[in-house]
Amino acid sequence: MHRPITPDALRLTVLDESGVLEACRQTYRFWHQGRAEEPYVQRVLSAVERMGSEMRYMGLVSEDGALAASARALDGGIECNGVRIRSMGIAAVYVRDDLRGRGIGAALIERLLADARARGYQSAFLFSDIAPAYYARHGFREYPALDWSAPVGSLPASPGLAIRRARPSDRERLRDWHRAAALVQPMGVTRTPVWWDFFRWWRGAPDDYILCDGSREVGYVNVGMDQTCLRVHEWAAPGVEPSRIWATIRARAADLRADRVGGWLRPDRRTGFMNVEARSGAIPMAVSLQPDIALPEPSEAFFDELDHF
Ligand SMILES: CC(C)(COP(=O)(O)OP(=O)(O)OC[C@H]1O[C@@H](n2cnc3c(N)ncnc32)[C@H](O)[C@@H]1OP(=O)(O)O)[C@@H](O)C(=O)NCCC(=O)NCCS
């Protein structure tokens, strides 16, 4: 006879490939985003492979090996006033449909946080698609989650910059620009090279353009079409007047016949032409895991769209 599955009867483990396949089977209906099951599974397997040692697919498993809940644990960092805080990213928290409401989700989060502490992580962070109160019970605090958008014609018209498509060999320069731009705000996610490539793939944002001021290359923009809207995934151009970036983005939007421009709002880049609204999902949340680690106030932090797991 099977014993009822309770949180105490479950152990946290790293899933092997058959465990990951079972997690995909359980989560498919919830996270397919219009994909057929096979491409969905291949995307998750590819994510595990691309992240390598920087991501583990974790599960709560019963004595007989049945998977009750799963989540992905990313080896990340939060850059806070120039100091790196090791941080476990928690993604795709999922409890098997028939086991909900018995504290298994809570047990999964608590055990992931205990595992993070044991591994020396100083904090954990996630992007919540559910009521933030669920994670607030475990100490997580909310960070800004605002979107902006604007009709193309309301962005500054000039003077823009020339652009050229970035090559793979430009990656280190892009990372340098990103780091330099990140330093002017108190907190963001640390980008390793694996993280940098992974999220451009995961979020479907492969298009980086180098910004050229005459013969000088001064930064980059990463933009892509989402139906009729040009999404500004991110840009970094230290020392360049932002209106020049917006004018460049406006010209790119006109070339691509977009009718709107928009993206996640980095608070220090809010300007008059933006219509701003609260995002309903992907709400960044973070918790300190050590008494001497104080995370910045929510008003001081920003989590980029290209770090959204
Ligand atoms: C969210 C989820 C992980 C919760 O797991 P669970 O084991 O059912 O939750 P627990 O038993 O630990 O906690 C139950 C409590 O959480 C609350 N809760 C459950 N689902 C919730 C949701 N979607 N949003 C907000 N609160 C939720 C319940 O109301 C209950 O509150 P109570 O204790 O005041 O009665 C589970 O419902 C799930 O897998 N959902 C689908 C995937 C998903 O949305 N994951 C989160 C992505 S950010």
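Hi everyone, and please keep in mind that the model is predicted.

Let's begin with the ligand. The shell around the ligand counts 18 residues, and those that come nearest are Val93, Gly101, Gly103, Gly105 and Arg137. For Gly103, a backbone N or O atom lies 2.7 Å from a ligand oxygen. For Gly105, a polar backbone atom is 2.8 Å from an oxygen atom of the ligand. Tyr134 takes part through its side chain, where a polar atom lies 3.1 Å from a ligand oxygen.

How much of the ligand does the protein bury? On its own the ligand exposes 880 Å², and 68% of that is buried by the protein. As for where the ligand sits, the space it takes is the largest pocket.

Which elements give two or more residues to the shell around the ligand? They are strand 4, residues 83–95, helix 3, residues 104–118, and helix 4, residues 133–136. Sorted by class, the shell has ten nonpolar residues, with four polar and four charged ones.

Now, away from the ligand, a word on aromatic rings. The structure holds 25 aromatic pairs. Let me pick out Phe125 and Phe309, an edge-to-face pair with centres 5.3 Å apart and 65° between the planes. Phe125 belongs to strand 5, residues 123–128, while Phe309 is in the segment after strand 15, residues 283–288, so this pair ties together parts that lie 184 residues apart in sequence.

Ser158 and Pro159 are joined by a cis peptide bond, with omega at about 0°. Pro159 sits in the loop that runs between strand 7, residues 146–151, and strand 8, residues 162–165. The other detail is Gln33: it is not a glycine, yet its phi is positive, at about 45°. You will find Gln33 in the loop between helix 1, residues 17–31, and helix 2, residues 37–51.

Notes
Residues numbered from 1 in each chain as written. Predicted model: local features only at pLDDT ≥ 70, side-chain atom pairs only at ≥ 80, totals over all residues. Heavy atoms only, no water. Near = heavy atom within 4 Å. Polar contact = N/O pair within 3.5 Å; in protein donor to acceptor, adjacent residues only side chain to side chain. Areas by Shrake-Rupley, 256 points an atom, 1.4 Å probe, with all protein chains shown as cover. 1 Å grid on protein atoms, 1.4 Å probe; cavity = no way out; pocket = protein on both sides within 12 Å on 5 of 7 lines; lining within 4 Å. Sits in = over half its atoms within 2 Å of the grid points. Helix = DSSP H or I, 4+ residues; strand = E, 2+ residues; numbered from the N terminus. Nonpolar A, V, L, I, M, F, W, Y, C, P; charged D, E, K, R; others polar. Phe/Tyr/Trp six-rings, centres within 6.5 Å; stacked < 30°, edge-to-face > 60°.
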